[in-house]
Amino acid sequence: MSDSRPSLCAGCRDGAALDFDFSMALQPIVDAETGLPFAYEALVRGLEGQGAGEILGRVTEQTRYAFDQRCRVKAIEVAAAAGILETGAKLSINFLPNAVYSPKACIQLTLKTAAATSFPTDRLLFEFTENERMAEPEHVANIVRTYQAMGFGTALDDFGAGHAGLALLARFQPDIIKLDMELIRGIDASLPRRIIVQGIVRMCRDLGITLVAEGIETEAEFDALRALGIRYIQGFLIGRPAFETLAPIVFPVPAARLVATA
């Protein structure tokens, strides 16, 4: 389908409507050099705060498009109501590449919601996971390039754990890469993990990609990542997801750690 006719998106025409509702929790991604939030990631939750698994388990092949669209709308509405616009932080929205039929067509409702909430589009990040099997990598590359051309940020989540890995980066370069937490866990005590992450840091620097480390749970992991030059961090040590509100940053970055080590 041609992108020149956004009102005729196949998902809008053929997809089934959702028969359930949900909400979002917001988790901070922190700039370790300032201690301030760089972004908040919107994470699916039930209307009473139930975990994402309960909601995702209700999504079918027929409702995948409607769910993806509703996630975008709900994330913007919840974050705006929570006060993110006063923080200067970006909003990271997870999306399903396989639910995007036409990038320009499927973004129309997102644009409408951003306008209705006065949400600057250059503060929106669209995040997809490497763990989702991609039948057509070039279609994903087209989505990323289109979103970047429209002024949105793009992020590849769970890097190092999925189906494509480095092959994806040979096709396109997202603005942000988020390291999979399995590479982070116990990195302070693992030389192989540190060597691998050090290589990724160098690669991202050369490609002009911002690197985020997620899943940080201990101060030792934090210190090891800072020593490797990673500036942006996310995890339970920093702040847990908070239902329909901006999660507080619970780990104050000590002054001694504010000095960049890259």
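Q: How many aromatic pairs does the count come to?
A: This is a predicted model. Rings pair if their centres lie within 6.5 Å. By this rule the count comes to 12 aromatic pairs.

Q: Is the pair of phenylalanine 38 and tyrosine 232 stacked, edge-to-face or tilted?
A: The ring centres of phenylalanine 38 and tyrosine 232 are 4.5 Å apart. Phenylalanine 38 is in strand E2 and tyrosine 232 in strand E8, 194 residues apart. Planes under 30 degrees apart count as stacked and over 60 as edge-to-face. The planes here make 40°, and the pair is tilted.

Q: Why is the pair of phenylalanine 222 and phenylalanine 251 classed as it is?
A: The two ring centres lie 5.2 Å apart. Planes over 60 degrees apart count as edge-to-face. The planes of phenylalanine 222 and phenylalanine 251 stand at 70°, so the pair is edge-to-face.

Q: Is phenylalanine 251 buried or exposed?
A: Phenylalanine 251 lies in the segment after strand E9. Buried means under 20% relative accessible area. Phenylalanine 251 has 7% relative accessibility, so this residue counts as buried.

Q: Which elements are included in what covers the buried residues of H10?
A: The buried residues of H10 are Glu221, Phe222, Ala224, Leu225 and Arg226. Phe222 has a relative accessible area of 0%. The cover over these buried residues includes helix H8, strand E7 and strand E8.

Definitions and conventions
Residues numbered from 1 in each chain as written. Predicted model: local features only at pLDDT ≥ 70, side-chain atom pairs only at ≥ 80, totals over all residues. Heavy atoms only, no water. Buried < 20%, exposed > 50% of the residue type's maximum accessible area, 1.4 Å probe, protein only. Helix = DSSP H or I, 4+ residues; strand = E, 2+ residues; numbered from the N terminus. Contact = heavy atoms within 4.5 Å. Phe/Tyr/Trp six-rings, centres within 6.5 Å; stacked < 30°, edge-to-face > 60°.
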